[in-house]
Amino acid sequence: MNISIIGSGSWGTALAKVLADNSHQVILWGLDTSVAEEINKYHTNTSYLPELKLPENIKASNDLENSILLADIILIALPTKAIRSVMSGVHSFLSRKTRKPLLVHVSKGLEQETHMRVSQIISDVVPRELYQEIVVLSGPSHAEEVAREDITTITAASESLEAAQKIQACFMNHYFRVYTNTDVIGVELGAALKNIIALGAGILHGLGYGDNAKAALITRGLAEISRLGIEMGADPLTFAGLSGVGDLIVTCTSIHSRNWQAGNLLAQGYQPEEVTQKVRMVVEGMSTCRVAYELAQQYQVEMPITEGLYQVIYEKAELKEVMRQLMSRSGKQEASMAQHEEK
């Protein structure tokens, strides 16, 4: 198939390799002309994945219209804040296509002002008659490891099981395994909210806390992700899967995670704006933290970790004071999944 990838960063490039290894024709679109020239001439993208040699059936372009002209599938690999503006441009070109493409996104965030999930942003911008379906591709997956063909398993989620199965078949190979799911809400929320908890994991490391604290954070982080997700209509079981606990584990335990890196820098005394500059890539967890904090208030869901991180990032609260407050909260019962379902 002809597949266009919108976004030539690390994740878009790694997925381009997976698709090219599966004999698809791939075009990588991005704004940076030097990246496109390097990919076409040397089959490398040293700005993002310096050790990767790309297959020759990957081409790069800075021309958005030509990049999607023949696409059977358009895969969006952009930071959440860029989705609306770029998809507005894609919308204008889709109306000229004779074939409706399948739209896939791999972004892990929530829109600041609207609180929309990424699939909602896409459907808000692109008229329904211009595409087949929207599929979310998400799960525990560092681009660096996918690029070197480490074993990776993720989830393709869509309201249309048939669409999810198409993407599953498109990506599956000996090192990249895809499961299907129809719970788009749960998969997108798990992907977005785990970045907040990863900030906390980086902070714990930076403050010198050990494995006990990290296990507590991941476990209780999953509890509050599930609470909000269930209130917003997600299937509780989704959070026990790849896009829930799986993605949470990989993001909270690896120095590859930009959100973990950001939290580690916050613990060292850097201000949020300085953290973004030092990480040099979009830190979705910091912007998502504000959205999750507001959603928690809207749905009246208790999210103490998210609230504590919100205080650190947006209210300049002292980290150690926030930790003290979290540990001094009144005693609670650890809720079971059955209690969630009864509620």
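V282 touches P79, K81 and R258, not counting residues up to four places away in sequence, where contact means heavy atoms within 4.5 Å. This is a predicted model, in which local features need pLDDT of at least 70 and side-chain atom pairs count only at pLDDT 80 or more, while totals for chains, interfaces and linings use all residues. Residues are numbered from 1 along each chain as its sequence is written, and side-chain values use heavy atoms, with hydrogens and water left out.

V282 sits in the loop between helix 12 (272-279) and helix 13 (284-299); helices (H or I, at least four residues) and strands (E, at least two) are DSSP runs numbered from the N terminus. UniProt, in an unreviewed entry, places the feature "binding site" at S10, W11, Y48, K108, A143, R258, V282 and E284, and the lining of the largest pocket includes S10, W11, Y48, K108, A143, R258, V282 and E284. Such annotations may be inferred rather than shown by experiment. A pocket here is an open set of points on a 1 Å grid over the protein atoms alone, where a 1.4 Å probe fits, with protein on both sides within 12 Å along at least five of seven lines, and lining residues have an atom within 4 Å of a point.

K108 belongs to the loop between strand 5 (102-105) and helix 5 (118-125). Leaving aside neighbours within four places in sequence, the contacts of K108 include T80, S138, A191, K194, D247 and E284. The side chain of K108 also reaches the backbone oxygen of G139 at 2.9 Å, a polar contact being a pair of N or O atoms within 3.5 Å, of which, within protein, one must be able to donate a hydrogen and the other to accept it, and residues adjacent in sequence count only if both atoms are side-chain atoms.

N259 lies in helix 11 (residues 258-267), and its side chain reaches the backbone nitrogen of G285 at 2.8 Å. Beyond four places in sequence, N259 is in contact with N195, A198, L199, V283, E284 and G285.

The table gives accessibility, with buried meaning under 20% relative accessible area, exposed over 50% and partly exposed in between (1.4 Å probe, protein chains only).

| Residue | Relative accessible area | Class |
|---|---|---|
| K108 | 14% | buried |
| V282 | 25% | partly exposed |
| N259 | 4% | buried |
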